[in-house]
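Visitor: I would like to go through this model term by term, asking each time what a label rests on. Please set the values against the cut-offs as we go.

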Amino acid sequence: MAKEIYLTNNLSNKREQFFPMDENNVRMYVCGPTVYNDPHIGNARPLVIFDILYKVLKNKFKSVNYVRNITDVDDKIINFAKENNVSIKELTEKIIKSFAEDCEFLKCEEPNHQPKATEHIDLMIEMTKTLISKGFAYENEKHVYFEVKKFEDYGKLSNKKLDELIAGSRIEVSDNKKNSEDFVLWKPSNDNEPGWDSPWGRGRPGWHLECSAMSKKFLGNEFDIHGGGIDLIFPHHENEIAQSRCANSTKTFANYWVHNAFLTMSNEKMAKSQGNIIKIKDFREGNISGQVIRFALMSAHYKQPLDWNDKLLKNCQNTLDKWYKIYDQKFETVNITDEIISPLYEDLNTPGYIANLHKLYDNAVNGRDDDKKNFISACKFVGFLTETKEEWLIYKKKNVSLTEKEIEEKISERNKARTEKNYQKADEIRNELLDKGVLIEDKDGKTVWKFK
């Protein structure tokens, strides 16, 4: 029997053993992108973290249904399109394509379903009608709002009382609301905005409603795990719980709520206001493998902030480079043991799993074929060693600013300096090559070089 899985459940604020509702149909929903701009490196963290959770669940259970939505109708999208003089269709299609390329770059598996909000408007209208009929929502001036005070468990996920939540957040101000804390389910659209016919006039859904409608379609009224970044706890996830439980007349919505912490830059939160946004595509279009980015995102526990810096990336690059030196595609992958995978069962302890990989590498570097198989299999399980040695070498070549001819000329210049016993100059040339990604070695009277 495989080791039990434990997760930190933000609904209870405790580490809990994971018990699925149905062991033959484990269900997980993760909030995906709002497609108005290219995803940044902070958005990459939940992509990788929940990809790993998906792999862990699949390793233990027969069937896992992983759903990650795409929000392709939202005020941010409308505003961005207007500001940049581009059509909404052109904008959303471009960002959806970019997002898919980011996921592939990061070595993330595709979820079972990636529903788009615009393809499920009818479900959102039906849920809104249900909430009105049950007395949890009201219409005013073609707007429909959820009346928060009608749901007594509001604030349970945030572990705060309603007054505290209102005081500590940006609440949308509107004269159409009965109460300041009420949130929008449906809003009217202007002629130049996306809109759909509804009982309340032409309009569009509120952001929170989208996830409730799509999770219901693909996972049912209740499911196992809901994930996302820690910034989504309030108001987004709190509102999802309220409208879903009230519409579906259930005692729960998702049993386990899992949230990853922020990424920081020089210990400052990554944000537009800080001017420190780095897009995933900046790396994708550069000279670095997605495995390096993935490794960096796994280097800290998902519950802890992760500071993003060049030193972190360099260390991850060097480790993977070392591992690739013993990678051989002839070794087929094998099942990894519970002992190796156990850190991931313990609340996705990725640093602990990486420590296990280092131990497996030490065994494999001068070990038997079985040791190499175990090491390679354990790496592949979390998305490492997924490129061939030749593909990995291409990244190294791209990072070298010299041509092969220039490298050979530098070596000849160094050999001449050594012949003239100008060892200081010879060392300077060696260090110059090293700084530019070229390592030279003197063997059997010859100087050979390789990419660092």
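Visitor: Why is R204 called buried?

Guide: Buried means under 20% relative accessible area, exposed means over 50%, and partly exposed lies in between, with a 1.4 Å probe and protein chains only. R204 has a relative accessible area of 6%, so R204 counts as buried. This is a predicted model, in which local features need pLDDT of at least 70 and side-chain atom pairs count only at pLDDT 80 or more, while totals for chains, interfaces and linings use all residues. Residues are numbered from 1 along each chain as its sequence is written, and side-chain values use heavy atoms, with hydrogens and water left out.

Visitor: What makes R204 and E193 a salt bridge?

Guide: A salt bridge is a side-chain nitrogen of Lys or Arg within 4 Å of a carboxyl oxygen of Asp or Glu. The closest N and O atoms of R204 and E193 are 3.0 Å apart, and the pair therefore qualifies. R204 lies in strand β8 (residues 203-205) and E193 in the loop between β7 (183-188) and β8, so the pair ties together parts that are 11 residues apart in sequence. Helices (H or I, at least four residues) and strands (E, at least two) are DSSP runs, numbered from the N terminus. E193, at 12% relative accessibility, is buried.

Visitor: Which label, buried or partly exposed, goes to K150 and which to E147?

Guide: K150, at 43% relative accessibility, counts as partly exposed, whereas E147, with a relative accessible area of 11%, is buried. The two form a salt bridge, with the closest N and O atoms 3.5 Å apart.

Visitor: What makes the pair of F18 and Y256 edge-to-face?

Guide: Rings of Phe, Tyr and Trp (its six-membered ring) pair if their centres lie within 6.5 Å; planes under 30 degrees apart count as stacked, over 60 as edge-to-face and the rest as tilted. F18 and Y256 are 5.0 Å apart, centre to centre, with 65° between the planes, and the pair is therefore edge-to-face. F18 lies in the loop between β2 (14-17) and β3 (26-30) and Y256 in strand β10 (residues 254-260), so the pair ties together parts that are 238 residues apart in sequence. F18 is buried at 4% relative accessibility, and Y256 is buried at 6%.

Visitor: Why is the pair of Y54 and Y66 called tilted?

Guide: The ring centres of Y54 and Y66 are 4.9 Å apart and their planes are at 55°, so the pair is tilted. Y54 lies in helix α1 and Y66 in strand β4 (residues 64-68), so this pair ties together parts that are 12 residues apart in sequence.

Visitor: How do you know that the charged end of K58 sits over the ring of Y54?

Guide: A charge sits over a ring if NZ of Lys or CZ of Arg is within 6 Å of the ring centre and within 35 degrees of the ring normal. The charged end of K58 is 4.5 Å from the centre of the Y54 ring, and is assigned as sitting over that ring.
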